[in-house]
Amino acid sequence: MSETEALESMVGGEYKYGFTTDVEYEDFPTGINEDIIREISRRKDEPEWVLEFRLEAFEKWKQMEEPDWPNVEYEKPNFDDIQYYSSTKKKDGKKAESLEDVDDQILETYEKLGIPLEEQKQLQGIAVDAVFDSESIFTTFKEKLAEAGVIFCSISEAIQDHPELVKEYMGSVVPKGDNFYAALNSAVFSDGSFVYVPEDTVCPMDLSTYFRINNMQSGQFERTLIICEDNSHVSYLEGCTAPMYQENQLHAAVVELVALEDAEIKYSTIQNWYSGDEKGQGGIFNFVTKRGHCRGDNSKISWTQVETGSAITWKYPSVIMQGDGSIGEFFSVAVTNNRQQADTGTKMIHVGENTKSTIISKGISAGESDNSYRGLVKISPRAENAQNYSVCDSMLIGQTSGAHTFPYIESANPTAKVEHEASTSRVGEDQIFYLQQRGMDEDDAISLIVNGFCKEVLQELPMEFAVEADKLLGIKLEGSVG
Amino acid sequence: MLEIKDLHVCVEEDGTEILKGVNLTINEGEVHAIMGPNGSGKSTLSKVVAGHEAYEVTQGDILFEGESILELEADERAHLGLFLAFQYPVEVPGVTNKNLLRQAYNTIAAERGREELDPLQFEDYAKEKLELVDMKPEFIERSVNAGFSGGEKKRNEIFQMAVLDPKISFLDETDSGLDIDALKTVANGINEISDDENAVVLVTHYQRILDYITPDHVHVMIDGKIAKSGDKDLAIKLEEQGYDWLIEPATASVNGEQQ
């Protein structure tokens, strides 16, 4: 299918992934309290230290208040109405060892989402961990990765099979009481992915996790942990979708990345949660804490994100550059349409000497949406010769959307070099008319203008995702002018 | 080929009437020049023909090859073979000339029953056209008009016209802001492109481009109407005597103030 055909097949801006999978769930009560947390832990057959981690986090969470500084407005979720664990009924009560154990309905769901799990159809060159509601359903290419010494599995499995690694690193980048939603996640986290790349290893294929929320009542509290030992390298991709419901669903994830000496982690996200309808009904609340720690010298962490979904987003994939000569990067395209609200950006914390960070953020607002960039560049006293370069561009489509930027720069070292460039532009009638006069229809014209605007970021994405992102931007903005 | 009949046009936003009954017929193989003082409606006429949404046609009609095009969007008019070289070409950062033009070429080719070109074929084709306007091959790899000088933007418009091979082209003050060498290049390009089967309408303020392109017809537009039509001698007369002799006493002061 050509790109144009793909676009045409989705004309009208319909959310393509809004279907629901009809599967049977195991019973689980709604609400949150100590018993609920113990029950989650029991069902997952966790060791005592994980339960303690959860309970401590819950204690902290109870003391905390939901933050109100992001530039978004929404009705606070009622935490008693949420189901914190949601698992489908299994044939023998255990995680699937092979595909035969996975519910056909779920397999079909991933097939429909374009992530076939069956061996002969699997995506070439990409290993996938498929997460459905609170559980990891299946991980492909596990054996192949194991040959290279790479561990790729769900976090629940990692807790069982590699407890020493999880114990050492979980909560070391995002502490359990870091913020309101990180504390909540630490208390009730269910699944998510675990990656461990040993010393001197280039992970032989791209790794990816595909998150799917299906159950209307459940929140998704995934937890991802990626560790790259000295001189190792991994590229990790994350995709996500959800059905269309009138109610809002909560997605509060924690992602922790650790890069040791000379290690490099590239983390890419295509976020396409359901964003609610034109009137702002329904959609996912996406409150996520993502942080990377360049723990060793000359390590590097890159975040690339294309954010198009969610009713409300706040997330700031950040990098702490502790090791000398370490590098942090953030490349972001955030698109909002209809009544969506996004408050997203990054924090680049320079601790080590000669650390370098780059921020390229492109915000596109259409409809009646609001899109904010919020970024912190912090240079600590001992970060000699730290450098940051930030570009933060906003594009407005139509007359009723909003774009805002909140850059914070804190420098405690006089040798630091910090550059910040910002611009706001409007997709002008003139630009569209120009392209239309050259024969392009209005939607193609906007798509071309927007793609040009985002090019710097899109080219950071791995190939397979770049095509997906291109289509996504086009679909998202169809009919947004006028 | 193109027939404009008693065309009345006002600005959509505030209803100001700009064209007050324009009549014009343009045939294959002809070069027309539309001249006139600032604010007389020349640019508006080109934009309306191209399908700009900021204007509303309140009376009259525009026929292309016998069919009214008033209901067609700008892109649909482009598909028929209508081209507008912009007075102020727009910048589209991040989109290369090559990508834009190949997409445009193939869309129009499909509508006009021509063969579509793959990227390599298109590159060869486009490079040939670049020579017409004396532009370097790397131009097609650059973002559309981004960082181009004024002269480069104008040449780029003529290059696009050469690539898209329209049936009728309106060139809106393509000569303005060009030094004499660039003007010659642009004029040569236009001469190369025009043939018996297409038509060119030069919308211009000055006579000087007409030293290089000989128009078959010259029209003077004043206050939203064609006040006088003639041959190339009319342009020379305008150069010598200005527009005042064509302006009726009653409207003269009004136009005077506008200038």
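In this predicted model, buried residues account for 52% of the 259 residues of chain B. The radius of gyration of chain B is 18 Å, close to the 18 Å that the globule rule gives for 259 residues, so chain B is as compact as a globular protein of that length. Along the principal axes, its C-alpha atoms fill a box of roughly 60 × 40 × 35 Å, and the accessible surface of chain B comes to about 11,600 Å², with 43% of that area belonging to carbon and sulfur atoms. Among the contacts in chain B with a separation of 6 or more, 69% are between residues 24 or more positions apart.

The secondary structure of chain B comprises 8 helices and 12 strands. Four of its strands form an open sheet in the order S2-S1-S4-S5, with antiparallel pairing; the edges of this sheet are strand S2 (17–26) and strand S5 (67–68) of chain B, each of which pairs on one side only. Helix H1 (residues 42–50) of chain B packs on the sheet, where it touches strand S1 (2–11), S2 and S4 of chain B, and the direction of the helix makes about 110° with that of S1(B).

In chain A, strand S1 (residues 126–132) has 7 of its 7 residues buried, so this strand is largely enclosed by the rest of the structure. In a regular strand the side chains alternate between the two faces of the sheet. Both faces of S1(A) are covered, with A:Ile126, A:Val128, A:Ala130 and A:Phe132 buried on one side and A:Ala127, A:Asp129 and A:Val131 buried on the other. S1(A) and S2(A) form a hairpin with 2 residues between them, and A:Asp133 in the turn has a positive phi of about 50°.

| Strands | Sense | Bridges | Residues opposite each other |
|---|---|---|---|
| S1(A) and S5(A) (residues 206–212) | parallel | 7 bridges | A:Ala130 and A:Tyr210 |
| S1(A) and S2(A) (residues 135–139) | antiparallel | 4 bridges | A:Phe132 and A:Glu135 |
| S4(B) (residues 55–64) and S5(B) | antiparallel | 2 bridges | B:Leu63 and B:Ser68 |

As for the cysteines, the count of disulfides over all chains comes to 0. The sulfur of A:Cys392 lies 13 Å from the closest cysteine sulfur, which is in A:Cys454, and this is too far for a bond. A:Cys392 is buried, with a relative accessible area of 2%, and B:Cys10 is also buried, with a relative accessible area of 10%; both values fall under the 20% cut-off for a buried residue.

Technical notes
Residues are numbered from 1 along each chain as its sequence is written. Chains are lettered from A and ligands numbered from 1 in the order in which they are written. This is a predicted model: local features need pLDDT of at least 70, side-chain atom pairs count only at pLDDT 80 or more; totals for chains, interfaces and linings use all residues. Side-chain values use heavy atoms; hydrogens and water are left out. Two strands pair if DSSP finds at least two bridges between them. Contact means heavy atoms within 4.5 Å. Axes are lines fitted to C-alpha atoms, for helices over the stretch in contact, and angles run from 0 to 180 degrees between N-to-C directions. The radius of gyration is taken over C-alpha atoms; the globule rule is 2.2 Å times the number of residues to the power 0.38. Buried means under 20% relative accessible area, exposed over 50%, partly exposed in between (1.4 Å probe, protein chains only). Accessible areas come from the Shrake-Rupley method with a 1.4 Å probe; for residues, only the protein chains shown count as cover. A disulfide is a pair of cysteine sulfur atoms within 2.5 Å.
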